[in-house]
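Reader: I would like to check some structural labels against their cut-offs. Please take them one at a time.

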Amino acid sequence: MKVEFTVSEDRMQAYAIVRKERPDEPPLSKEEFMSALQSARIKYGIKEEMIDDLIKSPVYNTPVLIAEGTPPVDGEDGRVELLKKVEGVSQSDGRVDLREIPAKQRVIVKRGETIARIIPPTSGKEGRDVFGNPVKPKPGRMPEYHLGYNVTMKDNEIIATKSGILIIEPNGTIHVNDTLEVESVDYSTGNIDFPGRVIVKGDVKPDFVVRAQEDIEVKGVIEAATVVSFNGSITAGGIKGRGKAFVKAKKTIKTVFVENAEVEAEEVVVEKNIENSTVKASSVTVTGSKGSIRGGVTIARVRVETFQLGSPIGVKTRVEVGVDPEVNEKIKIISAQVSLDKANVQKLTKVLVELRKMQSTLKDKFPPRQGSSPEQGEQHTDKSQRFHTEERAGAKKVERDS
């Protein structure tokens, strides 16, 4: 009786085939089997139980698995892990402001913020064949990505070098765009709160809000909306407020016309007319040859320049020059506070007068404390008188201050 061994092409499985040469031939012993196995140089992953079963109950001329190697574990591919997530739009009270949904779906990053982390590939785990030889794993592949503009790589992290909107192209290129460009501001775009520059190709629809750290360009009309540039300028085709528009810029506001709106900037330049609006600036200029300021309030620290001022139909038009609008607002606030303080002092004075009347009425209705000596009574009386005197002096002082 003899045993033959066959090994799979990848050397991960070894099979034993027992052949009986004569009918009366005795079965193989385990020692003989193991010796033949050693001669075949098979030494890893040996299945002792299968060998014992094969010796105890021989199966002739049939391959039986008696050893199996450990396959290698291939390495995992590297990947780009985005750290910026899209925010949800649900609210705890069940209400959703449709104007906020698109804004929450835009991914905004700030300068110096980590956008993504590169997870490198792993090398995998080595395997072993039935001969005991190592089997090398297939290493993972590097992730495919490309650095676009306004981003940099540091310690396997992609970091924004400017504030803006995150853009990831289909080919894996990662950008940070510091200019947000939209067709118009309506329910398709939602309110805008952007750390860079904003360009609106159309109109800003009523009741929507556009806020930006840098310049804002509206090629259409701002309609009863709020538009604020915190550090830059605003240009617009026109401002039609309907009594609700608020447009403010740190530097300059340039527009064709202003109607029924509130406008604030360092410099306001209007091409045609300002009508029934509140304008506050260092200088206000209406550049058109027939430009006009009709109705409303115009306050400028340095100058107001226009071809026509006021309305022939008698609409009230107020212009103040040489007054800083911010200082004027502070004066109004302080004046209101002074008036409130005066009213409070008058109320306190009345309370003190009533307290003195009550004190003088009640002081003789209570006998002196028992067990007190005349000296103590005198001391107590002196202290009481001194207290009343100080109180009256305080009351007089309050009355004089008021």
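Reader: Why is Arg211 called partly exposed?

Author: The relative accessibility of Arg211 is 33%. Buried means under 20% relative accessible area, exposed over 50%, and partly exposed in between, with a 1.4 Å probe and protein chains only. Arg211 therefore counts as partly exposed. Asp193, with a relative accessible area of 48%, is partly exposed as well.

Reader: What kind of model do these values come from?

Author: This is a predicted model, in which local features need pLDDT of at least 70, side-chain atom pairs count only at pLDDT 80 or more, and totals for chains, interfaces and linings use all residues. Residues are numbered from 1 along each chain as its sequence is written, and side-chain values use heavy atoms, with hydrogens and water left out.

Reader: What makes Arg211 and Asp193 a salt bridge?

Author: Their side chains meet at 3.6 Å, N to O. A salt bridge is a side-chain nitrogen of Lys or Arg within 4 Å of a carboxyl oxygen of Asp or Glu, so the pair qualifies. Arg211 is in strand β17 (residues 209–212) and Asp193 in strand β15 (residues 192–194), 18 residues apart. Helices (H or I, at least four residues) and strands (E, at least two) are DSSP runs, numbered from the N terminus.

Reader: How many salt bridges does this rule give?

Author: The count comes to 24. One of them joins Asp129 and Arg11, whose closest N and O atoms are 3.5 Å apart. Asp129 is in the loop between β7 (127–128) and β8 (134–135), and Arg11 in the loop between β1 (2–7) and β2 (13–19), 118 residues apart.

Reader: Is Asp129 buried or exposed, and how do you know?

Author: Asp129 has 0% relative accessibility, so Asp129 counts as buried. Arg11, at 39%, counts as partly exposed.

Reader: Which parts does the salt bridge between Glu48 and Lys30 tie together?

Author: The N to O value for Glu48 and Lys30 is 3.1 Å. Glu48 lies in helix α2 (residues 48–56) and Lys30 in helix α1 (residues 30–39), so the pair ties together parts that are 18 residues apart in sequence.

Reader: How do you know that β12 and β13 pair?

Author: Two strands pair if DSSP finds at least two bridges between them. Strands β12 (residues 164–168) and β13 (residues 173–177) have four bridges, in the antiparallel sense, so they count as paired. In β13, His175 is the bridge partner of Ile167.
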